[in-house]
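Please look through the sequence and the structure shown here, and then read on.

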Amino acid sequence: MFKKILVANDGSEGAIRALEKGIELAQIFGAELWSLSVEGPLPAYAAIIGEVEEARIERENYFKAIEDEAERIAKEKGVELKTKVAYGHPADVIIRFAEERNFDLIILAHKGHTLADRFLLGSTSDKVADHSKSSVLIVK
Amino acid sequence: MNELFTTAVMGFLVLLASIISVEVGISVALIEIFLGVVAGNLGIKVLPWVSFLGTFAGVVLTFLAGAEVDIPLLRAKFKESALIGGLSFLFPFVLTFLFAWFIAGWDLRASEIAGIALSTTSLAVVYAVLVETGLNRTQIGKLIMAATFITDLATVLALSILFVQVNAFTIVFMLVSIALIIILPKISPWFFKRYGERVIEPEIKLMFFVLFLLMYLGDLGLSHAVLPAFILGLVLSQLYEKNKLQLQRMRVVGFALLTPFFFLKAGMNISISVLIANLSLLAAFFVVKIAAKFVGVLPVSRRYIPESATYTTLLMSTGLTFGTISSIYGLNAGIINKAQFSILVAVVIASAIIPTIIAQRFFSPKIGFEE
């Protein structure tokens, strides 16, 4: 039923549960499984490149650790996981990435770990569910 | 007010700015300016040590801006970037200068400062936007970056050339600057190797000594250290490319101890009452700056980057650090008064925010995800 499954992964406990659900479904359907992590915007209106560059490096290291952990979990279950880290506002990037790469299922956690973003921008899962053309599974 | 109390307040503001910056995702520099405005307008005075650190931080920021220039990229894109970056400086400089002189009624030298402060393009603002959109990997992004380097260079050249006053020490200042620009790239690799990788950081102390020396000689020679500081950073950029950890340490020292006082000082010199009383002038300067960027940059962007000409022009319209450095230079040298400073820095900040939002919201080119 599903050929390409995308799991949105911000490293939170909810995201790990979403990943585990993705692994389960990938095994059932023999689907290709991807993990997408979205780095939030870099410091806006920075004074020097260094401020942006340091923030970029810190985040890349953080998301590299998330990717490694996701790969480890998938490998333990015998599933191949492809990973991707992209910049931008999470919901927009998840929707665009899923459309561009023809994913037929997006799995994401009900709650990530960015309280401030949820307060300011609304829930990522709500936005993805509302606007994505793919099927969306929200894991609680 | 007790000096130590004010020092404690400064320390708190520096900390608070960092916390707010992390929480809201806005650059610490902008928050520091904002908190400086609040503190200054509540009657907290700029202490002499804050003023000194702020001035030195301006030179360090200029040096770091030079060190961040991507020389191979600049070489590869020189023709197009020189044209876009040159026009990005020239048109806003001339038009803002003329506006300040003839319409706003500022004197000649204050108008020149206005021209310089409002002709800048913020490399950091541009870079952040390009990285987020993924455009930094594309030819468009590389060309915009290279053009921004040129605009920065034109700004420091103008700041140095227009306000030069020659005396005997000016020659000494120039000769020492040239000697340092030639010698430092040659001795620094040896110095880094011999004394580097220690917690006492002799490499940073070498650069700070050189920048202090340039400030001193620049002062004696009735000139300013920005041009040699920028060029020194430029000629050392390849060395820092190979020693990224060293550049990172310079940034850490700068952001922890120096640049907060540069931006706080800038904010503390902004008068809210002046801004309120001059809202129309402030808006007019902003419109002139953006319009001038469009007149200068849009036609040539259409030629070289037809698919993203408006986006490029909007990004080239941003300004922050060099605009603030130029304004602080004008204020310190008595070329502009506090009211003029307030207006210029407010326009500089507006130009960091408004064109970026418009560019990202309405003109951001959609590019695919990297494999």
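What percentage of the 140 residues in chain A is made up of buried residues?

## Chain A

In this predicted model, buried residues account for 42% of the 140 residues in chain A. The chain contains 5 helices and 5 strands, and from the N terminus on these elements follow the order β-α-β-α-β-α-β-α-α-β. Chain A has a radius of gyration of 15 Å, close to the 14 Å that the globule rule gives for 140 residues, so it is as compact as a globular protein of that length.

The C-alpha trace of chain A spans about 50 × 30 × 25 Å along its principal axes. Of the contacts in chain A with a separation of 6 or more, 72% are between residues 24 or more positions apart.

## Where the chains meet

At the interface, 30 residues of chain B are in contact with 22 residues of chain A. On the side of chain B that touches chain A, at least two residues each come from α1, α2, α3, α7, α12 and α17 of chain B, and the largest share, 7 residues, is supplied by α7(B). By class, this side of chain B has 17 nonpolar, 9 polar and 4 charged residues.

## α7(B) and its partner α8(B)

Within chain B, α7(B) packs with α8(B), residues 139-162, at an angle of about 175°, and their axes are 10 Å apart. Because angles over 145 degrees count as roughly antiparallel, α7(B) and α8(B) are roughly antiparallel to each other.

The residues making this contact include L123(B) and Y127(B) of α7(B), together with I144(B) and F149(B) of α8(B). By class, the residues of the contact of α7(B) with α8(B) are 7 nonpolar, 2 polar and 1 charged.

Key: Residues numbered from 1 in each chain as written. Chains lettered and ligands numbered in written order. Predicted model: local features only at pLDDT ≥ 70, side-chain atom pairs only at ≥ 80, totals over all residues. Contact = placed C-beta atoms within 7 Å. Helix = DSSP H or I, 4+ residues; strand = E, 2+ residues; numbered from the N terminus. Nonpolar A, V, L, I, M, F, W, Y, C, P; charged D, E, K, R; others polar. Axes fitted to C-alpha atoms, helices over the stretch in contact; angles between N-to-C directions. Parallel < 35°, antiparallel > 145°, perpendicular 65-115°, else oblique. Rg over C-alpha atoms; globule rule 2.2 N^0.38 Å. Buried ≥ 20, exposed ≤ 12 C-beta atoms within 10 Å, placed from the backbone.
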